[in-house]
Amino acid sequence: MSDRSAVDSPHRSTVTSETSAEQNKHARRFGLPIATALVMGNIIGGGIFLLPASVAPYGTISLVAFGILTLGAIALALVFGRLARRHPQTGGPYVYARAAFGDFAGFLAAWSYWITAWVSNAALAVAAVGYLDVLIPVHESKAATIAAALTLQWLPALANLAGTRYVGAVQLVATVLKFVPLLLVAVGGLFFFDSANLGPFQAGDGGALGAVSASAAILLFSYLGVESAAVSAGEVRDPRRNVGRATVLGTLGAAAIYLLGTVAVFGTVAHDRLVDSSAPFSDAVNAMFGGSWGGTAIACMALVSMLGALNGWTLLSAQTPYAAARDGLFPKVFAHKRRGVPTVGVIVTVILASLLTVYNYTVGTEGVFEILVLVTTFTATVPYLLSTAAQIYFLLSGRSERVDRGRLVRDGVLAAAAFGFSMWLVAGSGYAAVYQGVLFLFAGVLVYAWMSARKVRRETSEGASDGTLDGAATGTAGVAPGGASERVNSGVRA
């Protein structure tokens with residue numbers, strides 16, 4: 001049996017089983033438009049409404065950093081597209097890391113991604129309440145604030161529990177509702193553009209390289225979410241074809257909104273005012289059309305944007321544990337699926353996010369909450385690094401039947417660029433976030449030890465019951481505790 005058949009055959013069976021999954025009026029596979037909306041909706045959360053003011057102190061040189069980061073994000077998107085063609089299953093980075101490096105690497109990818117998802121959901125809900133307060137005053141009462149935050153978390157969760165059909169519908173509508181007004185501001189601002197508002201090309205005394213690096217550290221996390229279609233590949237129609245396209249199109253769409261929006265705000269709001277602005281898009285709308293209604297309009301856009309992001313991230317938060325649970329690396333209950341959605345994963349995730357939100361508001365430890373959010377910026381990059389490393393491994397493992405020489409060079413350059421981009425994300429997290437993030441990963445090692453031991457014990461028991469105990473024991477002894485799946489991978493690594 002060739003290396004290719006040894007690796008691909010189990011994945012083909014996985015694809016077959018997912019293709020034959022429950023199909024009813026509530027469960028529906030995503031086409032290219034919805035898969036693209038999922039990527040865009042998860043990349044564009046609420047941060048875009050503050051980004052122009054955040055980078056304004058560094059001058060318009062921050063646009064150079066934006067351009068560099070956009071190229072890195074597109075390279076990462078292309079790598080995910082190539083990986084999805086080879087492994088078109090639900091789980092994304094988890095699937096790629098496990099196929100290349102075994103169970104332990106796959107578990108780390110799943111564990112870190114899951115942490116990122118539910119902590120980020122709590123952060124999104126808290127931020128969304130801030131915009132909701134502009135429309136409906138809720139901050140005057142702690143109980144009302146908590147109720148609003150929990151409602152904003154549970155509404156997307158209920159949409160997910162209703163089935164993939166409704167997840168896709170909500171995601172498409174939310175993406176359109178936030179994309180159109182943002183694009184209107186971005187393009188409309190160009191007609192009111194005044195170069196006198198731009199301010200200096202480089203503000204401060206840190207030098208050009210220092211300004212680019214400093215602004216990049218703020219912008220680095222704007223593209224988290226490029227993996228969204230790959231994580232949900234099992235729910236995408238024709239994933240080998242559509243996941244890559246949706247990933248690239250969604251990333252390009254988000255990049256266009258980011259860049260045009262930032263340029264438009266830079267050119268419509270005076271630099272000295274923009275540096276101290278707490279609502280740069282609102283100031284831009286007011287400058288373009290007059291009046292003071294911009295704040296309300298932007299609050300509505302931000303609220304829709306965050307609800308769309310919560311809807312998409314809630315689905316992703318359940319997909320990776322679902323894939324790991326099917327392989328025995330997460331508790332089996334996470335593998336339960338209803339109406340096309342891993343229901344237990346959705347419920348557990350929203351409960352954890354809700355508890356963290358309540359803890360934040362009742363205890364008042366804002367510093368702790370901010371640290372946790374910062375940690376997720378590190379944990380999000382772990383799956384990126386493992387995925388790009390997996391792509392490099394696949395390209396360099398000597399299987400010439402998979403790629404021709406020209407494609408090998410092209411894909412190798414893209415993988416190297418994506419790996420560098422991921423490393424830049426880690427560096428931008430900061431020392432404290434990396435330190436605390438590593439502690440989160442080490443906590444996962446204990447969970448892996450428990451799940452891996454249960455998996456080996458179950459395989460041994462099954463081997464004893466059918467009279468193949470010796471073969472099972474022999475196969476497990478020479479590999480990591482992952483068991484049978486590791487034996488498949490060991491044939492490739494040889």
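Predicted model: local features only at pLDDT ≥ 70, side-chain atom pairs only at ≥ 80, totals over all residues.
Begin by selecting helix 2 (residues 32-43) together with helix 11 (residues 239-268), whose axes come within 8 Å of each other and cross at roughly 45°.

Coloured by class, the contact of helix 2 with helix 11 shows 9 nonpolar, 6 polar and 1 charged residues.

Next, move to helix 5 (residues 93-101) and helix 17 (residues 381-396), which pack at an angle of about 45° with their axes 8 Å apart. Helix 5 is therefore oblique to helix 17, and it passes helix 17 in a left-handed crossing. Select Pro93, Tyr96, Ala97, Ala99, Ala100 and Phe101 on helix 5, then Pro383, Leu386, Ser387, Ala389, Ala390, Tyr393 and Phe394 on helix 17, to display the residues that make the contact. By class they divide into 12 nonpolar, 1 polar and no charged.

Finally, zoom out to the whole protein, where the secondary structure comes to 21 helices and 0 strands. Of its 494 residues, 54% count as buried, and the accessible surface comes to about 19700 Å², with 67% of that belonging to carbon and sulfur atoms. Among contacts with a separation of 6 or more, 83% are accounted for by residues 24 or more positions apart.

How values were computed: Residues numbered from 1 in each chain as written. Heavy atoms only, no water. Axes fitted to C-alpha atoms, helices over the stretch in contact; angles between N-to-C directions. Helix = DSSP H or I, 4+ residues; strand = E, 2+ residues; numbered from the N terminus. Nonpolar A, V, L, I, M, F, W, Y, C, P; charged D, E, K, R; others polar. Buried < 20%, exposed > 50% of the residue type's maximum accessible area, 1.4 Å probe, protein only. Contact = heavy atoms within 4.5 Å. Areas by Shrake-Rupley, 256 points an atom, 1.4 Å probe, with all protein chains shown as cover. Parallel < 35°, antiparallel > 145°, perpendicular 65-115°, else oblique. Left-handed = near helix turned anticlockwise from the far one by under 90°.
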